[in-house]
Amino acid sequence: QGDLLLKNINAQAPFPISFADLEQAAAEKLAAGPFGYIRSGAGGEQTLRNNRAAFERYSIVPRFLNDVSTIDTSIELFGKTYPTPLLFAPVGMNGMAHDKGELAVVEAAHHLRIPYIQSTVSTYSLEEVAHAAPDATKWFQLYWSTNEDIAYSMAARAEAAGFEAIVLTVDTVMLGWREEDVRNQFSPLKLGYAKGNYINDPVFMATLPDHSFESYVQGVLQNIFHPTLSWENIRELKRRTNLPILLKGILHPEDAKLAIANGIDGIIVSNHGGRQLDGVVGSLDALPAIVEAVNGQVPIILDSGVYRGMDALKALALGADAVTIGRPFVYGLALAGQEGVEKVMTNLYDELKVSIALAGATSVKALRNITLVKNDRTD
Ligand code: FNR
């Protein structure tokens, strides 16, 4: 156990560990447009701050004098066992961070044996990602489409390519109010970073008047936002796929109950990393009521603002089954490709493992017995 930090101290060129250092290094490496797109939140970034504040309000009351020499960090999801409760959040357009984009991330996921969730708006297609890491566990994050046939086509392609679950994001019925991108005049769509799954989709391509780049941009803009998405669409998707479906972006316990009533297999508690509606509750603050409402019927994954192993510990102690990591791995990708992604995830994992032991637990499940206190002061 004692060598977890030493392996970083012996590193020849120190790789940033804390989120602040990672963000700073990525800011120096990336151009203002891509960096601003990745870093920023919607509006005045209150949601972004709420995510961090929620973690900071919880403190652990550790227990001692238990044998914590062996820590089991494994979890089980949809019948498979994974070595860690840290998963990759679906992050679109990875080509803006690194040339190898999603291919580098899925290879890291394969190496670390954790699920990779590929975004609809990825630089490389589902098929290219599957080809790069055929044995990795891959899930597909679906953005619904105004033209439902495109959504069904993408879901069917994912299933055919060996993806094992569908993560339907429900909080992006239209794009959030993102001022940083206006300030930087940055549109990743217009730079072609989102094209992988669209230009390889026969149903989407058949809707275009021609195969020019302009037509593709117009086509995506017409199809990607879906303000009419409803429970009926979700029931229909369920009829058309054999894969488990998770809903990403659930914050209200009543929506969690409706999800279960509609046959959903898993819930991702998330506010999209503060990128959609500004002024939303920190995702960790939304977790306890959802844990209570779900009552163990389906797995719950906590997303948004998990920047330390200790944050993951708090989410797991409050009843999440796993957590997803967004910006930290994207910064790792920007800094050093696949190796950078692995470095970030390994550091988070090492901190989590040490923290589980220091809190007095020996497994992810045992964390549920750890006492947390919540400080409600806002000053
Ligand atoms: C995202 N996120 C996201 N979510 C999704 O469902 N589909 C997507 O295509 C994207 N794209 C995307 C791009 C970038 C650059 C970021 C930073 C995020 C949201 C992502 O899945 C996750 O909810 C947040 O990143 C979690 O918050 P943290 O970990 O970044 O704080």
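Close-up 1. The model is a predicted one, in which local features need pLDDT of at least 70 and side-chain atom pairs count only at pLDDT 80 or more, while totals for chains, interfaces and linings use all residues. Residues are numbered from 1 along each chain as its sequence is written. Ala322 belongs to strand β11, residues 322-325; strands (E, at least two residues) and helices (H or I, at least four) are DSSP runs numbered from the N terminus. Leaving aside residues up to four places away in sequence, Ala322 touches Ile75, Leu77, Pro85, Leu87 and Ile301, contact being a separation of C-beta atoms, placed from the backbone, within 7 Å. Between the C-alpha atoms of Ala322 and Pro90, which stand 232 residues apart along the chain, the separation is 14 Å.

**Close-up 2. Residues around the ligand.** Of the 24 residues around the ligand, those that come nearest are Gly92, Ser119, Gly273, Gly326 and Arg327, a residue being near if its C-beta atom, placed from the backbone, lies within 6 Å of the molecule. Two or more residues of this shell are given by each of the elements α3 (32-39) and α16 (327-359). By class, the shell has nine nonpolar, eleven polar and four charged residues; Ala, Val, Leu, Ile, Met, Phe, Trp, Tyr, Cys and Pro count as nonpolar, Asp, Glu, Lys and Arg as charged, and the others, Gly among them, as polar.

**Close-up 3. Tyr37 and Arg178, two of the annotated positions.** An unreviewed UniProt entry gives the annotation "binding site" to Tyr37, Tyr143, Arg178, His272 and Arg275, and such annotations may be inferred rather than shown by experiment. Tyr37 sits in helix α3 and is buried, since 23 other C-beta atoms lie within 10 Å. Arg178, found in the loop between β7 (166-169) and α8 (179-183), counts as partly exposed because it has 19 C-beta neighbours inside 10 Å. Residues up to four places away in sequence not being counted, Arg178 touches Ser40, Ala42 and Arg275.

Close-up 4. The unreviewed UniProt entry places the feature "active site" at His272, which lies in the loop between β9 (266-269) and α14 (283-294). His272 is buried, because 23 other C-beta atoms lie within 10 Å.

Key
A residue is buried if 20 or more other C-beta atoms lie within 10 Å of its own, exposed if 12 or fewer, and partly exposed in between; C-beta atoms are placed from the backbone. Two residues are in contact if their C-beta atoms, placed from the backbone, lie within 7 Å.
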